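Subject: Structure handover

Hello,

Please find the structure below, followed by notes on what came out of it.

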Amino acid sequence: MRSLSHLRALEAESIHIFREVVAEFAKPVMLYSIGKDSSVMLRLAQKAFHPAPMPFPLLHVDTTYKFREMIEFRDWYPASIGCELRVHTNREAVAAGASPIALGTSKCCGLLKTRALLDGLEAGGYDAAFGGARRDEEKSRAKERIYSFRDQQGQWDPKNQRPELWNLYNSRVDKGQSIRVFPLSNWTELDVWHYIHLENIPVVPLYFAKVRDMIVRRESLIPPEHNVLPLLPDEKPQPVLCRMRSLGCTPCTGAIRSAADTVPKIIEELLSFRRSERENRIIDHDQEGSMELKKREGYF
Amino acid sequence: MTTFDSGTVTIEEFLAQEAGKDLLRFFTAGSVDDGKSTLIGRLLYDSRGIYEDQLASIRQSRVNRSTGPIDFSLLTDGLRAEREQGITIDVAYRYFSTPKRKFIIADTPGHEQYTRNMATGASTAALSIILVDARLGVLPQTRRHAAIAGLLGIPRVVLAVNKMDLAGYDQAVFEKIRTDFLAFASRMGFEHIQPIPVSALEGENVARRGTAMAWYTGPALLEHLESVPVAETRAHPDLRFPVQYVNRPNLYFRGYAGQIASGSLSKGDPVLILPSGKTSRIASISTFDGDLETASAPMSITVTLEDERDISRGDMLVHPERRPVAARTFDAHLVWMHEDPLAPGRSLLIKQTTQQVTGRVTAIQGRLNLQTMEDSAAPILGLNDIGKVRIEASRTLLFDAYRANRPTGSFILIDPISNATLAAGMILGAVDRAAPEGHVTTSERLQRNGHSPALLAFSNRELALRLERRLFDHGCQVLASDKPVAQAELAWQAGLIVIAPEIADARVRQLDLVPLPKEEEAALDALMAYLEQQGILGVIERFDSGEGI
């Protein structure tokens with residue numbers, strides 16, 4: 001028997017997961033981060049329910065520190081394929097001036113991402129939430145189940161995960177408990193880009209190289225947008241040919257010098273580059289195991 | 001990470017090649033000190049799968065267990081507890097690829113107390129790598145790992161004899177271990193066994209053949225992984241399409257969505273719909289990318305039929321002459337995964353293909369001794385035990401034996417109260433039971449319901465509703481009424497438990513007379529204890545449960 005190519009095998013597995021969740025949960029939602037993984041999730045969900053529209057809404061947790069181009073993409077793409085988008089922001093924390101400079105990255109993330117996410121999920125009464133996390137991203141993610149059980153506080157208990165066998169997922173939850181579902185668990189960063197290439201999936205233009213104004217500080221390229229970072233003397237944004245390798249909040253997402261302005265060139269760069277995707281994300285490096293700690297608290 | 005030399009092929013050519021690669025999922029089993037994490041680290045490292053900054057973060061890490069410059073095992077043990085204790089607790093998934101193929105590794109813990117995690121990692125694998133320390137040879141745990149791989153139907157095994165560097169790269173050491181392993185593993189039903197002598201630390205025979213063991217003429221580990229067939233050559237040939245989701249966006253489209261478990265289907269094929277037994281033909285195979293003429297396992301598709309049929313999730317489409325087994329009672333192997341032991345009789349949920357039904361383990365026929373591969377009598381199954389059991393489901397299940405068809409022969413057991421996943425199950429086969437004829441007897445009804453009929457008079461309405469819920473979750477046929485029940489005879493004959501403020505019947509039991517503590521939960525516990533003591537619950541626990549969800 002001929003086997004499916006690896007991307008078609010991954011696609012079939014992800015579609016199965018989407019359908020299983022919709023069949024078994026009362027009120028699913030998709031966490032929409034606007035990034036490339038979210039774009040791939042959207043395409044897989046379209047495929048899973050074709051010709052029907054997607055039977056669940058999208059939820060974007062907006063920290064108010066996202067790039068303007070991300071917000072433009074968010075407001076255009078999901079609507080263009082008939083998805084309903086909901087946005088949740090921790091208004092209280094934003095009003096109180098929460099920023100990574102004022103609070104430190106870990107507290108800022110805790111309020112604007114984790115807290116806002118938990119509140120947004122609770123407000124919607126969702127019992128299952130799709131997320132785009134992949135196991136190849138980070139060591140503690142490598143241990144995550146496809147169905148990740150969360151207690152009433154949205155917390156993850158890594159030592160007490162439900163065994164997950166074959167493709168038989170246990171969807172039973174009590175009131176207030178929920179499942180985070182990761183349909184892209186088995187995809188790698190390369191798979192994601194390759195699929196975007198094959199399927200011609202739209203992604204935020206920030207992924208493509210272009211001359212952009214950046215604050216250049218040693219090796220780092222810091223976007224000046226939503227400028228919360230105090231500039232050093234004589235420091236001012238200067239034009240650099242660069243792109244974003246992953247998308248997050250402007251103060252905590254660095255750009256990389258790159259001339260890759262098409263998907264194949266990005267893949268080529270990825271192959272030759274061999275630097276981890278999350279390297280320019282500050283949160284994973286606060287301390288060893290920081291992602292695991294955040295996830296225990298309810299982060300994705 | 002794929003080796004890609006932009007000097008020799010263009011990125012477009014590379015992507016075209018890449019798109020044709022297939023995917024091999026394998027799992028690794030070995031004990032803490034067999035060097036399993038080192039082997040995987042070495043595979044990832046040598047196939048250039050380790051990103052440079054991840055390596056940098058490991059060099060900074062506080063503990064360093066090995067003496068060499070890079071501790072490969074720190075790449076794979078992701079959780080804090082694991083890094084601190086120096087053992088692998090949970091399954092970690094790793095990804096790498098070579099120019100020939102993509103790989104998913106399920107890195108599973110080797111300790112006996114993590115058998116359940118090993119089963120988790122093995123359940124989706126097509127190949128297993130079993131590690132043996134060359135200095136120690138085949139150990140009891142080696143047998144256990146092989147037995148679990150065999151039980152979970154993994155077709156291919158690699159026996160990786162590791163730490164050959166510490167055994168002087170001695171051929172005799174390798175041959176002895178190979179012979180010892182084959183002596184028992186050849187009985188476990190594997191399609192293929194490949195023994196390979198390696199040194200993970202030195203990289204001998206891992207990603208490439210080394211020079212230290214010229215006497216070994218077989219493939220290096222990675223060569224072998226790149227060349228074994230991915231698809232099971234014994235894959236079940238017959239169509240099994242469990243309906244996962246009915247897609248009905250408008251009046252004109254009624255599609256049945258699912259992932260093909262085995263076999264293939266084509267437009268125009270006649271299909272039999274189970275359990276209804278009705279037939280129709282495939283009108284279309286609809287996908288986002290357009291209609292297909294034909295589709296095969298493991299594709300996720302949506303089909304429409306030529307006739308309007310009443311089909312729901314859990315039904316199965318098959319070719320009319322190629323039916324699966326349809327039965328309520330079957331024998332199975334269970335890997336018990338919960339701290340609370342399995343005692344027969346309790347009501348459980350069974351999830352198999354896309355259906356979920358209630359059922360019971362009616363008997364434990366034996367506990368498997370993984371050393372001798374023989375069953376011995378056991379009253380209960382504890383955490384990580386593997387047993388042979390008989391199961392009765394409340395509805396007919398459609399399946400094949402696990403040996404013949406992993407996707408339709410597998411199931412999980414779920415606790416309906418705590419929601420915990422209790423066990424992984426592998427169906428051995430149906431149990432023939434002559435269908436009883438004639439009038440349904442009282443004893444059959446008792447068996448079905450799992451309890452005696454009872455008429456319970458109780459004036460505390462709130463507590464009555466809570467008791468109804470508690471009994472229902474327990475698997476009972478129960479009805480709480482807030483009106484007096486005048487005609488109790490019918491309920492009694494149907495075998496129900498009825499709770500009402502007044503019941504005009506001589507058989508009524510007065511719950512109002514049972515002394516109850518003030519606190520609600522404690523009061524419910526007391527009521528349940530009373531019902532058990534009265535022989536309404538519990539006594540018949542050994543029998544099958546009633547219709548569930």
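How many residues of domain 1 of chain B are in contact with domain 3 of chain B? The count is twelve, and they meet 13 residues of domain 3 of chain B. Bear in mind that this is a predicted model.

Some context for chain B. On the side of domain 1 of chain B that touches domain 3 of chain B, the elements giving two or more residues are α5 (115-122) and α6 (140-151) of chain B. The most comes from α6(B), with five residues. By class, that side of domain 1 of chain B holds four nonpolar, four polar and four charged residues. For chain B as a whole, there are 13 helices and 26 strands, and buried residues make up 47% of its 549 residues. Of the contacts in chain B with a separation of 6 or more, 69% are between residues 24 or more positions apart.

Chain A is divided into domain 1 (6-200 + 289-297) and domain 2 (205-282). Taken over C-alpha atoms, the centres of domain 1 of chain A and domain 2 of chain A are separated by 24 Å. Their contact takes 22 residues from domain 1 of chain A and 21 residues from domain 2 of chain A. On the domain 1 side of this contact in chain A, α3 (68-80), α5 (100-103) and α7 (189-199) of chain A each supply at least two residues. Here α7(A) gives the most, with six residues. The residues of that side of domain 1 of chain A divide into nine nonpolar, six polar and seven charged.

Between the chains, 58 residues of chain A are in contact with 62 residues of chain B. On the side of chain A that touches chain B, two or more residues come from each of α1 (6-24), α2 (36-49), α7 and α8 (263-273) of chain A. The largest share is that of α1(A), with ten residues. By class, the side of chain A that touches chain B has 22 nonpolar, 16 polar and 20 charged residues.

The axes of α1(A) and α2(A) are 9 Å apart, at an angle of about 70°. Angles of 65 to 115 degrees count as roughly perpendicular, so α1(A) and α2(A) are roughly perpendicular to each other. From α1(A) the contact uses A:Glu11, A:Ser14, A:Ile15, A:Phe18 and A:Arg19, and from α2(A) it uses A:Leu44, A:Ala45, A:Lys47 and A:Ala48. This contact of α1(A) with α2(A) has five nonpolar, one polar and three charged residues.

In soluble globular proteins, nonpolar side chains tend to be buried together. The largest nonpolar core has 198 residues, and those with the most contacts inside it are A:Met30, A:Val181, B:Phe26, B:Ile130 and B:Ala160. Nine residues of this core come from α1(A), which gives the most to it. Not counting residues up to four places away in sequence, A:Val181 touches A:Ile17, A:Val21, A:Ala128, A:Ala129, A:Phe130, A:Ile146 and A:Tyr147. A second, separate core has 24 residues, including B:Leu496, B:Val498, B:Ile503 and B:Leu527.

Regards

How values were computed
Residues numbered from 1 in each chain as written. Chains lettered and ligands numbered in written order. Predicted model: local features only at pLDDT ≥ 70, side-chain atom pairs only at ≥ 80, totals over all residues. Domains from an automatic or database assignment. Contact = placed C-beta atoms within 7 Å. Helix = DSSP H or I, 4+ residues; strand = E, 2+ residues; numbered from the N terminus. Nonpolar A, V, L, I, M, F, W, Y, C, P; charged D, E, K, R; others polar. Core = buried A, V, L, I, M, F, W, Y, C linked by C-beta atoms within 7 Å. Buried ≥ 20, exposed ≤ 12 C-beta atoms within 10 Å, placed from the backbone. Axes fitted to C-alpha atoms, helices over the stretch in contact; angles between N-to-C directions. Parallel < 35°, antiparallel > 145°, perpendicular 65-115°, else oblique.
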